[in-house]
Amino acid sequence: MKLLLATRNEDKVKEIKDILAELELEIISVSRFSEIPEVVEDRDTLKGNAIKKAKECSEYSNLLTIADDTGLFVDSLNGKPGVYSARYAGENCSYKDNRLKMLRVMSNISVRSAQFRTVCALVSPDGLIAVTEGIVEGIITEKEYGDNGFGYDAIFRANETGKTFGEMTDKEKKSFSHRSRALKKMIPIIKNYMRRKDES
Ligand code: IMP
């Protein structure tokens, strides 16, 4: 059986493939399907965007499909940038632009708590829709630490490790990140779906 990842972001594809490696599935990225258009992420929740991405890609490909949507929710900014994390510094901004804007906005703010949240959606051509969530609590640092990872990794220090995601190895980030938490909850749901398919 094949599992389609509804993302063209190679950083995410690598992380997701590693986390789901125990599944006996051929995991392929949507980049293989030039006919699948870019999904417009226009919902106002992570769940709405994740389901939309998984549904559209499953409909085009006729494959079991998993999508994730992630946001950084900063308490002092009333949960911003949240679902708009990709475009925090404006349309077509870079990861670095987003980090620099966040550091600037937070420069005089002492309460720096934040959460990374990922919602994963699994959609099958025969009507299954399942949703899981993973959360990591942390703080926004005052400058960048570490150059691993992507996005806001260098400025988010996870409470559980005292390190930013940028300072962690791929293995460390994979073992407890927001995305891996949401994906790990998806593993038994995928196994159950595969079992039912085998039996039918
Ligand atoms: P997406 O819509 O799920 O691709 O995520 C929105 C934005 O959140 C991305 O453009 C990144 O800036 C950021 N992001 C997503 N996942 C991560 C992560 O694991 N670490 C750091 N930043 C992330």
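Q: Here is one to start with: in this predicted model, are Phe156 and Phe165 buried or exposed?
A: Phe156 is buried, and Phe165 is buried as well.

Q: How do you know that Phe165 counts as buried?
A: Its relative accessibility is 1%. The word buried applies under 20%, so at 1% Phe165 counts as buried.

Q: How many aromatic pairs does a search of the whole structure find?
A: The search finds 5 aromatic pairs.

Q: What makes the rings of Phe156 and Phe165 a stacked pair?
A: Check the distance, then the angle. The ring centres are 5.6 Å apart, and a pair needs centres within 6.5 Å. The planes are at 20 degrees, and under 30 degrees counts as stacked. Therefore Phe156 and Phe165 form a stacked pair.

Q: Why is the pair of Phe165 and Phe176 called tilted?
A: The centres of these two rings lie 6.1 Å apart, with the planes at 50 degrees. Stacked would need under 30 degrees and edge-to-face over 60, so the pair of Phe165 and Phe176 is tilted.

Q: What makes this pair a link between distant parts of the chain?
A: Phe165 sits in the loop between β7 (156-158) and α4 (170-176), while Phe176 is in helix α4, and they are 11 residues apart.

Q: Why is Phe176 called buried?
A: Phe176 has a relative accessible area of 9%. Since buried means under 20%, Phe176 is buried.

Q: Which residues form one aromatic cluster?
A: The cluster is formed by Phe116, Phe156, Phe165 and Phe176.

Q: How do you know which residue lies over the face of Phe165?
A: Lys173 does, at 5.5 Å from the ring centre, and the distance cut-off is within 6 Å. Arg157 likewise lies over the face of Tyr145, at 5.1 Å from the ring centre.

Q: Which residues come nearest to the ligand?
A: Of the 15 residues around the ligand, those are Lys12, Thr70, Asp153, Lys173 and Arg179.

Q: How do you know that Ser58 is buried?
A: The relative accessible area of Ser58 is 4%. The limit for buried is under 20%, so Ser58 is buried. Ser58 belongs to helix α2 (residues 46-61). Beyond its neighbours within four places in sequence, Ser58 has contacts that include Leu63, Thr65 and Val123.

Q: Why is Asn62 called exposed?
A: The relative accessibility of Asn62 is 57%, and exposed means over 50%, so Asn62 counts as exposed. Asn62 is in the loop between α2 and β3. Its phi is near 60 degrees, a positive value in a residue other than glycine.

Q: What makes Asn78 exposed?
A: Asn78 has a relative accessible area of 76%. Exposed begins over 50%, so Asn78 is exposed. You will find Asn78 in the loop between β3 and β4, with a phi near 50 degrees.

Definitions and conventions:
Residues numbered from 1 in each chain as written. Predicted model: local features only at pLDDT ≥ 70, side-chain atom pairs only at ≥ 80, totals over all residues. Heavy atoms only, no water. Phe/Tyr/Trp six-rings, centres within 6.5 Å; stacked < 30°, edge-to-face > 60°. Buried < 20%, exposed > 50% of the residue type's maximum accessible area, 1.4 Å probe, protein only. Helix = DSSP H or I, 4+ residues; strand = E, 2+ residues; numbered from the N terminus. Lys NZ or Arg CZ within 6 Å of the ring centre and 35° of its normal. Near = heavy atom within 4 Å. Contact = heavy atoms within 4.5 Å.
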